[in-house]
Amino acid sequence: MKKLPDAVKWIIIAAVLAAMAYLMFAVNDRASRVKMPEPDDTFGIYHSASSEN
């Protein structure tokens, strides 16, 4: 890396950051399409707004 010109180093850094951003958005898009199951209230930890204390 020491022998590369600065412009080439910055192009490599920009390409790596662009690839990481693309993968982040791809994973986020995929995760947003997955249907999440309803919360499991086995232990009674979920409370509704109308519940009495």
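Helices here are DSSP runs of H or I with at least four residues, numbered from the N terminus.

**Entry: the overall picture.** I'm working with a predicted model. I looked up the protein chain and found 1 helix and 0 strands. The chain has 53 residues, and 0% of them count as buried.

**Entry: the salt bridge.** How many salt bridges does the count come to? I got 1. The partners are aspartate 29 and arginine 33, whose side chains meet at 2.7 Å, N to O. That counts because the cut-off is within 4 Å. I then checked where the two sit: both lie in helix H1, which covers residues 6–33, and they are 4 residues apart, about one turn of the helix. Aspartate 29 is partly exposed, with a relative accessible area of 37%, while arginine 33 counts as exposed at 61%.

**Entry: the nonpolar patch.** Next I went over the surface. Leu4, Val8, Trp10, Ile12, Ile13, Val16, Leu17 and Met20 form a nonpolar patch there, and together they have about 740 Å² of accessible area.

**Entry: one patch member.** I picked isoleucine 13 from that patch and found it in helix H1. Is isoleucine 13 exposed or partly exposed? I noted partly exposed, because its relative accessibility is 40% and exposed means over 50%.

Technical notes
Residues numbered from 1 in each chain as written. Predicted model: local features only at pLDDT ≥ 70, side-chain atom pairs only at ≥ 80, totals over all residues. Heavy atoms only, no water. Buried < 20%, exposed > 50% of the residue type's maximum accessible area, 1.4 Å probe, protein only. Patch = residues over 30% accessible without salt bridge, like charges linked within 9 Å, V, L, I, M, F, W, Y side chains within 5 Å. Areas by Shrake-Rupley, 256 points an atom, 1.4 Å probe, with all protein chains shown as cover.
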